[in-house]
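Please walk through this structure one part at a time. The text below takes sheets, then a pocket and its helices, then some backbone details.

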Amino acid sequence: MKNLEQFFDIIVVGAGHAGCEAALASARLGLQTVMFTVSVDSIALMPCNPNVGGSSKGHLVRELDALGGEMGKNIDKTFIQSKMLNQSKGPAVHSLRAQADKQAYSTEMRKTLENTENLTIRQGEVTELLAEDGHITGVKTFSGATYHAKAVVLCTGTYLKARCIYGDVSNYTGPNGLQAANYLTDSLKKLGIEMFRFKTGTPARIAGNTIDYSKMEEQFGDKKVVPFSFSTDPESVQIEQKSCWLTYTNEKTHEIIRANLDRSPLYSGMIEGTGPRYCPSIEDKVVRFADKKRHQVFIEPEGLYTNEMYIGGMSSSLPEDVQYEMYHSVPGLEHARIVKNAYAIEYDCINPRQLYPTLEFKKIKGLFSGGQFNGSSGYEEAAAQGLIAGINAAMEVKGKEQLILDRSEAYIGVLIDDLVTKENHEPYRMMTSRAEYRLLLRQDNADLRLRKKGWEVGLIDDETYHKLQEKERMIREEIERVEHTTVGGSAEVQSLLESQGSTLLKSGTTIAELIRRPELNYHVLAPIDKERPELPEDVCEQVEINIKYDGYIRRQMKQVEQFKKLEQKKIPEDIDYEDVGSLRIEARQKLESYRPISIGQASRISGVSPADISVLLVYLESRSGHKH
Amino acid sequence: MEETTIAAISTAMSASGIGIVRISGPEAFETVSKVYHSKGGKKSLENVPSHTIHYGYIYDGEEMIDEVLVMAMRGPRTYTGEDTIEIDCHGGVLAMKKVLETVLKNGALIAEPGEFTKRAFLNGRIDLSQAEAVMDVIQSKNEYSLKNSVGQLKGSVRKTVQQIREKLLYHIAYIESALDDPEHYDLTGYSEELEKIVSEEKEKIQGLLKTAEDGKIMQEGIRTVILGKPNAGKSSLLNLLLGEDRAIVTDIAGTTRDVLEEYINLNGITLKIADTAGIRQTEDIVEKIGVSKAKEMAADADLILYVVDSSVPLDENDEEIIKILQEKKTIVLYSKTDLKSAIDIEYLKSKIDQPVIPISAKEETGITDLEEKIREMFFSGEINFNDEVYITNERHRQEFLKAVESLSLVENSIESGMPEDFYSIDLTDAYESLGRILGESLGEDLVNEIFSKFCMGK
């Protein structure tokens, strides 16, 4: 029998948010790329919540955009409501969140993929990985076809041996009834890859015309919308927005849930996968936070193409009839009709500690992975990893240096470092509290942090990069200027200060000092800052933030310096930890299994003590011989 | 080359009154210059030639602490290969501690266990062939220090530190939950509440700091263990040592060891002395536990007082004890000299190559000789008390100081109207400083606290 055989540079398995970014990056970097999906109609599907961004996730999207990813541009084209969260808090935690038109999001992404040179989209299930001598060589599909490639990127999301469950009903399908991928797990196991089984869930979708919005609070988008992408014209996103709605569960809801807990597969033991604590089902919330009288329920549109509404905050795996009863107990949903049931989904994913921070498997050269397959959750987390995996697969094929972002450079760096370094037993979600240098990793400066790297990789063109350099120059010069522009206690100055409720000047000071006062800012000082040049708004924003939070920022930069030193001390790939005398057994085992790339990464492995790190340093020094 | 400047007491802290505080790192000269005053008050250490010795005083602000000799050595021809200053202190243990504290106050960091050696190695001052030994030193010093820092922390101190940490963690988690899920948790009016809590917790830490300054977090002393067969006269010896004219420094209630521990002071030398169960072959389970504990303690002891009943011949139980004594500093007490002797004292001396002192609790003889012997061994440096305890104490103090500073920064942020996300940064620093005292790191604490205390997510 003769089977189809084809050759590509890079194969991407999966067309979700990770797969799309990986395939685009690889093709845009000039490599012949094929992207496999079980259904071409599910490209860039949003099977759960209808939004992109949110606290810390918004940061990821901005960083991805700065590096040359697509998610930010795509959501700017297809959002129906947008909000900058945490505006009353510090700039580091401002975070953009947009409601998407799910279908438009999917369609727009598909168009972009279809119009990208070097990219082939192929429907089909990949069932086997082909490897020789620890090196990936290609994949086989269900039809028996063989595809050869120099690198493979796995972005299978929640499809591996997926099972959807509510009540005692369980279906071996992927999300939204799509076909699951049932063979790849075995192929991975054969290659010695350790697998985990995780679980997540989604709430019901309800017909919008059966909801009584008069009993809910209306939630509007921002008056002035800020785009996700640094390349989007801010004027183009000032559109008419759709509202979301807020309502609450109540004691009656909780009673219904409690009365039916024995019918929940979570508590009956039918679900074995580990679920995320940050995204608990409503039955989980009711059990774990028994003293809470009510929980928030957000009613969000799925898009303009449908009247289906997403019932945020009430994901569940209770049986159908209980779901009806429970949703009906919520004000405004008394007569709601369910379009799609809430369900829990279980799937296979890998233990991500088997990956290098480049997202390449330690055991199999040329095999990369990203997204929920790596044990994360969320569209943004997936997309960010997909981009990095795609870039690095391409860099490897081209024989160029791989891209690793560290914890001081990007949330993406924190995300990947956490995944590959820390013990994690639930789907991983990004949180601002995970970023120890978050004052530096703001959404407003993602371009300043990462554009250059995107340009070096080849995803950002020269013109865009030169624009960024120009922006940097303007910021630098303006900071320099306001730091050295002095004002005295003239009548004009004093009256401005008085009008702002600020202490009057006793002696001369600089404009920068005045910006640092909590009640003042860069813009209100314009009348007394005579030499101020005309500058774009994003430049003014950077000047303001850098001056106002200067003390804090400098402290974190100092910590980063220390951090970088350990990151830069690389551990040779061929190190044999058996050779390192005096390491404690636990540390030796951990180091052997994680094989960290740097002393910094080693120091973050639980069970490796500072003394073990000292011992390791001494060993590395003795190995390389003293250099003086 | 390291960028920090470290300091520690580099000699054993014996009561001989002379000891060396060593400072190593790029700012060694600058740091010591801030506290050194020459006799005439004019000489600055910053520009003195390398490898020279200078007479003078160490000052903490206005207060003169000690008369010293300062050895100024510039790298690379020093032990660590870095700029190094050694301060030769003359005023005894207390002065030595004060000198170290003053140096730390002026910018040096307390050295980690084995850090001088590590630096010496990394800077090529120790031969490559010794790498293995260097690694052993680091690991063993660290283990020792860990055992000290966690094991010797007083129960009440540990409990307070834990309570403060719990409180801080809760509030960090609250702020972080509100940042992650702003539509759910609202921070309006929260800063006033936090201000109160921060000031309360800060006060508690300052209380602990005072305890640390009094040296009471951990007791220092020569760890002395009394060993012997049952009825050899161990308890009588302890009672004798605890006689009215001798001060009981403190007692540790509720130690888990089931062994009576007392602090006694022999003319300025503190002994942390433990009376143990008599050692003998036994089938009794409770007694067995006591015996194995006694052996454990003996292994960790700085000094063993082995009580031999002179009226009973040596037996297999004595043989057992003598095995334990090997490689331990020991004084053998030939007790009950008021009774008829069954062991020849010369034989005993030849059998155990350690000093033997005849003693009678009943007639109260020999006790002065014992005291004399202990003093002699201490001053000659044969035994020294465990300076790691002091160093650990100092490390704890530094962490308390850092925690207080971090909480002050939170207060500043609140006062100057900074947004809430700034608070949790310094709160976390304080939490981590306190964690280092307990040997615990932040790890996943915060994420766990957020998920367990706050209902997150849609």
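Two strands are said to pair if DSSP finds at least two bridges between them. Strands (E, at least two residues) and helices (H or I, at least four residues) are DSSP runs, numbered from the N terminus. The model is predicted, and local features need pLDDT of at least 70, side-chain atom pairs count only at pLDDT 80 or more, while totals for chains, interfaces and linings use all residues. Residues are numbered from 1 along each chain as its sequence is written, chains are lettered from A and ligands numbered from 1 in the order in which they are written, and side-chain values use heavy atoms, with hydrogens and water left out.

In chain A, β1 and strand β10 (residues 146-148) pair in the parallel sense over 3 bridges. Within this pairing, A:Phe7 has A:His148 of β10(A) as its bridge partner. Both strands belong to an open sheet of 4 strands in chain A, with the order β1-β10-β9-β8 and mixed pairing. Its edge strands are β1 (5-7) and β8 (126-132) of chain A, each pairing on one side only. From one strand to the next, the twist averages 25°; such angles run from 0 to 180 degrees between N-to-C directions, and the axes are lines fitted to C-alpha atoms, for helices over the stretch in contact.

Another open sheet of chain A has 3 strands in the order β4-β6-β5, with antiparallel pairing. At its edges stand β4 (51-53) and β5 (79-85) of chain A, each with a single partner strand, so one side of each has no neighbour in the sheet. Neighbouring strands here are turned by 20° against each other on average, direction ignored. β5(A) and strand β6 (residues 95-100) of chain A run antiparallel and are joined by 6 bridges. A:Leu85 stands opposite A:Ser95 in β6(A).

Next comes a pocket. On a 1 Å grid over the protein atoms alone, a pocket is an open set of points with protein on both sides within 12 Å along at least five of seven lines, and lining residues have an atom within 4 Å of a point. The second largest pocket has a volume of about 1,500 Å³, a volume being the space filled by probe spheres set on the points, which are joined across faces, edges and corners. It is lined by 49 residues, and the closest to its centre are A:Val226, A:Asp444, A:Glu537, A:Asp538 and A:Glu541. The elements that give two or more residues to this lining are α12 (446-457), α13 (462-484) and α16 (537-548) of chain A. The most comes from α16(A), with 8 residues.

Two of these helices also cross: the axes of α13(A) and α16(A) come within 9 Å, at an angle of roughly 50°. The two helices are therefore oblique to each other, a class for angles that are not under 35 degrees (roughly parallel), over 145 (roughly antiparallel) or 65 to 115 (roughly perpendicular).

Finally, the backbone. A cis peptide bond, with omega about 5°, joins B:Gly75 and B:Pro76. B:Pro76 is found in the loop between β5 (63-73) and β6 (84-89) of chain B. A:Lys161 is not a glycine, although its phi is positive, about 45°. The place of A:Lys161 is in the loop between β11 (151-154) and β12 (163-166) of chain A.

Methods:
1 Å grid on protein atoms, 1.4 Å probe; cavity = no way out; pocket = protein on both sides within 12 Å on 5 of 7 lines; lining within 4 Å.
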